[in-house]
Amino acid sequence: GLHIQGGITEVGIKAVSEAIRHARGLQNINSFLNGMSDYGMQAVFEALRHSPVLQSISLNCGGVGDDGMQVLSDSIRHAPALHEISLSCSGVSEYGMKVLSEAIRDARALQSITLSGDGLSDDGMQALSEALRH
């Protein structure tokens, strides 16, 4: 597994992202990305697309926003073995939750979802609920 703690510079994030891209056997990622720039979060999320056996993602990512959620959702779609998602994210709007919900709907191996953070509106949670029914 990989554990990433905040306080990493852009150079460090680039190195971690490259390592994730080439670690084809990576199964678990546990990250605390508070304070990381949008570029840094998106670089990590983009790298997740290259982890075909990824089983578990646990992210504490303050300020991920809708753009970050879009990249993360795209990455979830490229992780067929993913069975656990735990997200504590702020700055995600109803739109971001709907994007995540669409990705979760396609994640057939998914068994466990834990979500917390601000921006979890009633409409966003409704979209998630509908995704889980399919």
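Q: Contact means heavy atoms within 4.5 Å; which residues does Ser101 touch, not counting residues up to four places away in sequence?
A: With those sequence neighbours left out, Ser101 touches Gly124, Ala127, Leu128 and Ala131. The model is predicted: local features need pLDDT of at least 70 and side-chain atom pairs 80 or more, while totals for chains, interfaces and linings use all residues. Residues are numbered from 1 along each chain as its sequence is written, and side-chain values use heavy atoms, without hydrogens and water.

Q: Where is Ser101 found, and is Ser101 buried or exposed?
A: Ser101 belongs to helix α4, residues 94–106. Ser101 is buried (under 20% relative accessible area; exposed is over 50%), as its relative accessible area is 2%.

Q: What lies 2.8 Å from a polar atom of the Ser101 side chain?
A: That is the backbone oxygen of Met97.

Q: How do the axes of α3 and α4 cross?
A: The axes of α3 (residues 65–77) and α4 cross at roughly 0 degrees and come within 9 Å. The two helices are therefore roughly parallel (angles under 35 degrees). On the α3 side, the contact is made by Asp66, Met69, Gln70, Ser73, Ile76 and Arg77. From α4, the residues taking part include Tyr95, Val99, Leu100 and Asp106.

Q: Turning to the protein chain, how many helices and strands are there?
A: The protein chain has five helices and five strands, and from the N terminus on they run β-α-β-α-β-α-β-α-β-α.

Q: How much of the chain is buried?
A: Of the 134 residues in the protein chain, 38% are buried.

Conventions. Helices (H or I, at least four residues) and strands (E, at least two) are DSSP runs, numbered from the N terminus. Buried means under 20% relative accessible area, exposed over 50%, partly exposed in between (1.4 Å probe, protein chains only). A polar contact is a pair of N or O atoms within 3.5 Å; within protein, one must be able to donate a hydrogen and the other to accept it, and residues adjacent in sequence count only if both atoms are side-chain atoms. Contact means heavy atoms within 4.5 Å. Axes are lines fitted to C-alpha atoms, for helices over the stretch in contact, and angles run from 0 to 180 degrees between N-to-C directions. Angles under 35 degrees count as roughly parallel, over 145 as roughly antiparallel, 65 to 115 as roughly perpendicular and the rest as oblique.
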